Structures are given as structure tokens and as C-alpha cells.
Amino acid sequence: MISDITLGQYFPGDSCIHKLDPRTKIILTVLFIVTVFLVNTPLGFLTILLSVISLILLSRISIRVILKGVKPIIYVLIFTALINLFMTKGESQPLVDFYFIEIYKEGIIRAVFMALRVILLIIGTSVLLTYTTSPISLTDGIESLLSPLKKIKIPVHVFAMMMTIALRFIPTLIEETEKIMNAQKSRGADFSSGSLIKRAKALIPIIIPLFVSSFKRADELAVAMECRCYRGDKNRTKLVKLEFRGRDYAWFGIGLVFLAAVIALMIIPSHITGILPETVYNVFFYKI
Amino acid sequence: MTKLEVKGVSFLYGKGTPFEKLALDNVSVSFEKGKITGLIGHTGSGKSTLVSLLNGLYKPEEGEVLLDGVNIWQKPSEISKIRFRVGLVMQYPEYQLFDETVRRDIEFGPRNQGLSDEEINERVNEAIRFTGITEDLLEKSPFELSGGQKRRVAIAGILAMRPEVLVLDEPAAGLDPRGRREILGGLSDYVKESGVTLILVSHSMEDMAYYCDNVVVMSDSKVYKAGTVDEIFSSATELEAIGLDVPVISKIASRLKACGIELEGKLYTVGGVRDAIINYLGGNAK
């Protein structure tokens with residue numbers, strides 16, 4: 001079923017991550033993404049891995065749900081890993097040398113860590129942001145973070161409202177698609193067999209009703225908004241005012257320490273090579 | 001004779017997610033050949049889920065669905081053939097219309113069956129006769145029609161497949177009284193003429209009492225009670241206990257009974273109660 005897709009879905013809860021201000025989570029997510037792309041040593045990866053695991057535990061979202069979220073990107077993962085495996089040229093002797101296929105030790109290491117990087121990125125951002133933040137508070141957060149742009153006449157509120165509506169209607173559209181698919185299946189439509197052209201044609205009975213009902217829905221929503229005198233953000237007050245609390249500052253602190261630690265791990269090793277035994281250094285601070 | 005049987009069926013939505021929900025819990029029920037069986041119950045009692053298991057849209061977690069005694073999931077690759085034999089009209093079916101003309105939309109099902117043009121034409125004519133669609137609508141776009149007309153076209157699209165079992169989920173929801181009577185009356189004529197087995201989901205007790213032979217009452221994902229219309233509507237208290245109603249006329253009849261007026265007969269339709277009162281007063285209803 002289409003509704004099995006969990007990537008990008010919100011899971012209500014009351015863990016400490018759920019309770020954070022959405023702006024905090026957005027900023028921390030940006031920090032996290034930067035960190036994941038900066039990190040280039042196994043020790044750094046270990047740090048990120050541990051922090052992602054503790055995020056999962058703190059959010060109290062079941063591991064099964066999280067793994068299900070990674071499932072749809074498994075082919076992308078395999079593809080990037082294979083590209084890295086075959087395209088990376090190393091200095092040492094290739095491990096496999098079969099006609100035009102050459103695999104180096106560096107390639108294997110890079111493929112593994114690339115895959116790990118993508119997995120950590122997906123899990124980390126979804127636990128920190130999408131799984132634990134309702135779409136409404138997410139757009140509220142974005143609107144508030146972007147509000148300085150209002151000074152240069154960018155209609156931030158309108159964009160935020162459009163995003164809220166778009167996010168709000170994703171589940172509705174998924175449900176609608178499933179309903180229409182079921183209706184057409186009941187009339188003997190077949191979506192999963194035949195040539196590519198035949199399959200594309202089989203989508204017409206789904207796409208047309210979906211468009212028709214989406215336009216109708218948009219019309220109805222617009223009328224409903226006008227009936228309640230919606231006029232953009234002029235004189236509009238909010239039900240829930242975003243406010244940074246103690247826990248938000250605490251989490252900022254944790255985030256900065258985390259980023260600093262990873263950057264430190266990138267810089268420091270060259271100074272302590274003399275202190276640590278060579279083998280330890282080679283394992284933990286190997287540059288990927 | 002049993003045409004379609006559901007045996008010990010359970011079904012879960014969203015298995016393995018925090019939203020997991022048991023929609024059907026060990027449901028067993030059978031539908032008699034050539035009869036109209038009504039399916040009533042609250043919103044969320046599992047009616048629509050049960051209905052979508054009947055033609056194999058979903059596969060039951062446990063239990064089996066037997067069509068003429070054969071499990072419909074015996075050959076999963078041929079499930080689409082089952083969907084031609086058990087025709088399902090879903091709730092608010094007008095959203096499924098997509099083709100350029102009404103005719104082509106009704107033809108969609110039969111074309112998927114791989115029938116000849118001649119056969120398809122004959123079936124379309126039959127389908128529009130029972131659903132009350134006039135010929136002049138056939139060449140119009142389905143999007144130009146009114147809500148009630150769209151509903152008829154959607155039902156005709158399923159009728160044209162000539163299923164052996166016809167399942168309709170709230171075919172008259174949101175229509176005016178005349179529209180209801182025409183659609184339900186047409187379907188009931190169709191049953192009489194073709195001998196098809198009809199399963200009707202509805203919220204209206206009046207419709208149930210008037211059109212159905214048997215009634216299945218669902219509550220809390222389970223079958224609460226099943227029997228003939230007589231059996232089901234004779235005990236108002238039982239239905240009221242799960243928050244359902246009996247037809248208004250049954251209430252009047254039971255009030256009269258409480259006043260010591262002995263009525264006998266079909267006390268769930270207006271005609272039945274009328275005859276009973278005439279009989280009670282010493283007249284001859286027939």
C-alpha cells in the first residue's frame with residue numbers, strides 16, 4: 001500500500017525532541033547536515049553514529065519505523081556505493097583487476113562510508129525534524145526563521161502558507177490516490193503488467209480523477225479561507241507563539257559542542273600523531 | 001444457496017506502524033445467491049473494509065473469502081478475474097469517472113474484460129436502462145453531469161461488467177429522496193431480472209427494510225447480528241444498544257404494541273404496518 005511510506009511522515013509523541021521549538025530543530029538539522037558532510041574520519045563517523053542512536057532513543061520512535069523510512073532509498077544507496085566502489089582510484093595496487101574493472105582498497109572504504117553517510121543523514125534529519133515535528137509547527141518555524149526577509153519585500157508568510165497547505169494535503173492526496181486506484185482496479189484496470197507504454201496509459205484513469213478532485217479541493221479551500229476573511233499575514237495573530245526556552249538553549253549548546261568536536265577531530269590528529277601509537281592513528285583517523 | 005462466504009476474516013490497517021488498527025476481527029458471514037443482503041453499522045465498524053475484501057482489493061490477514069466455495073486468493077495472479085465476478089461500487093463512486101464521454105467511461109470495465117464491441121454495446125445499453133441514464137447523456141463528458149447523474153454513470157460502469165455478485169457501498173448517500181428511490185429501485189429490478197447477488201451497505205434503516213432480504217449488522221469490527229429483515233428489525237432494543245436505529249415505522253408499531261394493540265406482519269415497512277393496522281381493525285388488507 002502507498003500509505004506504508006513513512007519517510008517525511010510525522011509521528012505524534014511527547015518526547016523531549018517533540019517538545020523542542022521547531023526553529024531549534026531546523027537550526028540543529030542544518031548543523032547536523034553540515035557535520036555529516038564535513039566528517040572524514042572513522043572516529044568522526046562513530047561520534048555521529050552514537051549521536052544518531054541517542055537521538056532515536058530520545059525520540060522514542062520505534063526502530064522498525066525508522067528502518068522502514070530508509071527502505072525507499074535503498075536503490076539510491078546501492079547505486080552510489082557501486083559508483084564509488086568502481087570509480088575511486090587508489091595509490092596502492094588494485095585488489096581486483098579484471099579487464100576494465102579495478103577495485104582499490106580506497107574504493108571499498110569510500111563506498112562503505114558514503115552509504116553510511118547517506119543513511120545517517122536520512123535517519124538523523126528525519127528523527128530530528130520530520131518524524132518529530134508536526135507540519136504546522138515546521139512551517140511556523142520556517143516562517144519565523146525567514147521573517148527577516150520580509151524587510152526586502154519577500155512574501156514569507158504566503159510561502160509558508162503554501163507550504164503548510166502542500167504538506168497538509170500530502171496524506172489526503174495519498175489516500176485519494178489509493179481510493180481511485182482501488183475503484184479502477186475494481187473495474188479491471190491493471191497497473192503492474194504490460195509494456196512501459198501500456199503501463200503509462202494505465203495511469204490515465206488515475207491521474208485525471210486525481211487532477212479533477214485536486215482542483216475542486218483547491219477551489220473549495222480558497223472559498224473557505226475567504227469566508228473566514230483570510231488576508232495574508234496582515235493583522236494576523238498566532239494561536240501558539242514560538243518561544244525559545246531553557247531546553248532550546250541547552251540543545252543549541254549540545255549541537256555546537258557536537259560540531260566543534262567533529263571539526264576538532266579533523267584538525268587535531270596531525271598534532272598528536274606522536275602521542276598515539278601508529279596503528280590506533282591509522283584506524284581512527286584514516287582520511288576517507 | 002450461499003454464493004459468497006467470508007470465513008474467520010481479520011484485517012489490519014497500517015501493520016507494523018504506530019497507526020496500526022484492527023478493522024475486522026474474526027468476521028464470518030455468508031451472502032445468499034440471488035438475494036439482497038444489507039450491511040449496516042456505525043461509521044468505522046468495518047463495513048467498507050469488509051466490502052473491499054470481497055473483491056480482493058485487500059488480502060485478509062487471516063481467514064478466507066469463498067466465491068462459489070473457492071478461495072478467491074487461491075491464485076493471487078488471477079485476482080483481477082475475481083474483480084470481474086464480484087463487482088464493487090465504492091463509496092461516492094463519482095470521483096472514478098475519467099473518460100471523454102459517458103459511454104466510453106461505462107465501457108472501461110467491459111473493455112478490460114476483453115469483450116467484443118457488439119457485446120460491450122449491448123451491456124452498456126442494459127446498464128443505462130437499470131440506472132436510469134438517458135441516451136442523450138451517453139455522448140456528453142462525465143464532468144458536465146450533475147452529482148446524481150455521475151453516480152448513476154459510475155454504477156452503470158460496474159453493472160456493464162455483469163458481475164455475479166454486485167457490492168455497493170452507500171450507493172444512495174447524499175442523494176435526494178427521489179434519486180435514492182430511482183437508484184435503489186433500479187438495482188432491485190436488476191436483481192429480479194438477472195438473479196445477481198446484491199450486497200448493499202447503507203445507513204438508512206428505511207432503505208434496508210424496504211429493499212433487503214437479509215441484514216448483517218456490524219459493530220466494533222465484528223458481526224453483531226445477521227439474519228432476515230424480520231429477525232433484525234423485530235428487536236429494536238438490540239440495535240439501539242449499539243447505537244443504531246430501527247425504521248421510524250417500526251418505532252410507531254412498537255409504541256402501538258406497547259399500548260396493547262396486537263399487530264402482526266411485516267412491521268418494518270410502511271405498507272406492512274398499514275396492512276397490520278387494517279387487519280387489527282377487522283378489515284381485510286389483501
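In chain B of this predicted model, the centres of domain 1 and domain 2, taken over C-alpha atoms, are separated by 31 Å. The assignment for chain B places residues 34–62 + 75–244 in domain 1 and residues 247–286 in domain 2; such bounds come from an automatic or database domain assignment. Domain 1 of chain B brings 8 residues to the contact and domain 2 of chain B brings 5 residues, where contact means heavy atoms within 4.5 Å.

The area buried between these two domains of chain B is about 580 Å², with 66% given by carbon and sulfur atoms. Buried area is the accessible area (1.4 Å probe) that two parts lose on being put together, summed over both. Between domain 1 and domain 2 of chain B there are 0 salt bridges, a salt bridge being a side-chain nitrogen of Lys or Arg within 4 Å of a carboxyl oxygen of Asp or Glu. On the side of domain 1 of chain B that touches domain 2 of chain B, helix 7 (205–211) and helix 8 (229–233) of chain B each supply at least two residues. Helix 7 of chain B gives the largest share of that side, 4 residues. Helices (H or I, at least four residues) and strands (E, at least two) are DSSP runs, numbered from the N terminus.

Chain B also contains paired strands. Strand 1 (residues 2–13) of chain B pairs with strand 2 (residues 21–32) of chain B in the antiparallel sense over 8 bridges; two strands pair if DSSP finds at least two bridges between them. Within this pairing, B:Val27 in strand 2 is the bridge partner of B:Val9. Strand 1 of chain B pairs with strand 4 (residues 62–67) of chain B as well, in the antiparallel sense over 5 bridges, and there B:Leu67 is the bridge partner of B:Leu4.

The next topic is the interface between the chains. Here 24 residues of chain A are in contact with 25 residues of chain B, and the area buried between the chains is about 2,200 Å², of which 64% comes from carbon and sulfur atoms. A:Asn182, A:Ser186 and A:Arg187 supply 32% of the area that chain A buries against chain B, more than any other three residues. The count between the chains is 1 salt bridge: the side chains of A:Arg187 and B:Asp105 meet in a salt bridge (3.0 Å, N to O).

Residues are numbered from 1 along each chain as its sequence is written, and chains are lettered from A in the order in which they are written. Local features need pLDDT of at least 70, side-chain atom pairs count only at pLDDT 80 or more, and totals for chains, interfaces and linings use all residues, while side-chain values use heavy atoms, with hydrogens and water left out.
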